[in-house]
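Let's take a walk through this model together. Have a look at the sequence and the fold before reading on.

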Amino acid sequence: MRRPQAPDSSRWAQECCPTLAGDVPISRDQAEQLSRTLKAIADPARLQVLSFLRSQPNGEACACDLVAPLGLAQPTVSHHLKVLYEAGVLEREKRATWVYYRLPDDRLPGIRQALT
C-alpha cells in the first residue's frame, strides 16, 4: 500500500497555525482554526500519544500499541487518535486490519511556531 503524501509543511502550518507574533492580528477564521488544533492537543492522553509517536524509531505506531503505554481502554485510545487525525495533527494508514498513525515532521514545529 502506498503511503499518502504529507501536505507541504509551509502550507500546512499557514492553514493550521497562523503565527500570533505577526505584524497583523490574525483573522477570526485563523483564530478558530488555530483554536481547533490547540484544543485537539490540549489533553493529557493526546499529549502522551504525540510523545509516544515521537519516541518510536520509525515515528509511527499501530493503534493497538498505544493501549498499554497510555493505560486506557482501546475505544478511548481510538477516540483520542481520531481527534488528533481530524485536527490534521496525525496521519494514518490502514494495513490489513490495523491502522498505523504517524506524526509528520512538520506538525509540532508548525504548532510551536504559531505560538512564538
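A96 is found in the loop between β2 (91-95) and β3 (98-102); strands here are DSSP runs of E with at least two residues, helices are runs of H or I with at least four residues, and both are numbered from the N terminus. The phi angle of A96 is near 55°, a positive value in a residue other than glycine. A96 counts as exposed because its relative accessibility is 68% (exposed is over 50%, buried under 20%, partly exposed in between, with a 1.4 Å probe and protein chains only).

A quick word on the model: it is predicted, so local features need pLDDT of at least 70 and side-chain atom pairs pLDDT 80 or more, while totals for chains, interfaces and linings use all residues. Residues are numbered from 1 along each chain as its sequence is written, and side-chain values use heavy atoms, with hydrogens and water left out.

Next, the inside. Leaving out residues up to four places away in sequence, L90 touches (heavy atoms within 4.5 Å) residues including V49, L50, Y101 and P104.

Two arginines sit over tyrosine rings, meaning that CZ of Arg is within 6 Å of the ring centre and within 35 degrees of the ring normal:

| Arginine | Ring | Distance from ring centre |
|---|---|---|
| R92 | Y85 | 3.8 Å |
| R95 | Y100 | 4.2 Å |
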